Amino acid sequence: MSDGRVDDAQMARELELVPLGLPAGLEVVWLGVSGYRLTYEGVSIFIDPYLSRVPLRALLLRRRTLPDLAMIER
């Protein structure tokens with residue numbers, strides 16, 4: 001860009017070159033939006049912050065958010 005700003009594609013290419021210092025054998029896969037799969041020594045963990053959303057009312061009223069134990073057990 002002519003005003004000195006770096007475009008998103010260029011920034012992404014530069015970030016790919018930055019070493020993360022992750023343990024050898026750890027695989028991190030972006031699944032889209034904000035979901036990830038982390039695999040290490042044959043065990044996978046899926047991270048999806050939208051699996052159980054905090055109700056908007058609770059968020060607006062600043063109520064404490066607790067884990068949904070039934071969802072965790074499933």
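User: Is Glu41 buried, partly exposed or exposed, and how should I read that label?

Analyst: The label rests on relative accessible area, with buried meaning under 20%, exposed over 50% and partly exposed in between, for a 1.4 Å probe and protein chains only. Glu41 has a relative accessible area of 66%, so this residue counts as exposed. The model is predicted, so local features need pLDDT of at least 70 and side-chain atom pairs count only at pLDDT 80 or more, whereas totals for chains, interfaces and linings use all residues. Residues are numbered from 1 along each chain as its sequence is written, and side-chain values use heavy atoms, with hydrogens and water left out.

User: Where does Glu41 sit, and what is its phi?

Analyst: Secondary structure comes from DSSP runs numbered from the N terminus, with helices (H or I) of at least four residues and strands (E) of at least two. On that reading, Glu41 is placed in the loop between S2 and S3, and although Glu41 is not a glycine, its phi is positive, at about 50°. The hairpin of S2 and S3 to which Glu41 belongs has two residues between the strands.

User: Which residue in the other hairpin has a positive phi?

Analyst: In the hairpin formed by S1 and S2, which also has two residues between its strands, Val33 in the turn has a positive phi of about 50°.

User: What is the strand order of the sheet, and which strands are at its edges?

Analyst: Two strands pair if DSSP finds at least two bridges between them. Here the three strands make an open sheet in the order S1-S2-S3, with antiparallel pairing; strand S1 (27-32) and strand S3 (43-47) are the edge strands, each pairing on one side only. Five bridges join S1 to S2, and five bridges join S2 to S3. Within the second pair, Leu38 stands opposite Ile45 in S3.

User: Which residue makes a polar contact with the side chain of Thr39?

Analyst: A polar contact is a pair of N or O atoms within 3.5 Å; within protein, one must be able to donate a hydrogen and the other to accept it, and residues adjacent in sequence count only if both atoms are side-chain atoms. The side chain of Thr39 makes such a contact with the side chain of Arg37, at 3.4 Å.

User: How do Arg62 and Arg63 read by comparison?

Analyst: Arg62 is in the loop between H2 and H3, and Arg63 also lies there, between helix H2 (56-60) and helix H3 (69-73). Arg62 is exposed because its relative accessible area is 77%, whereas Arg63 is partly exposed at 48%. Arg62, a residue other than glycine, has a positive phi near 55°. For Arg63, once neighbours within four places in sequence are set aside, the contacts are with Arg57 and Ala58.

How values were computed. Contact means heavy atoms within 4.5 Å.
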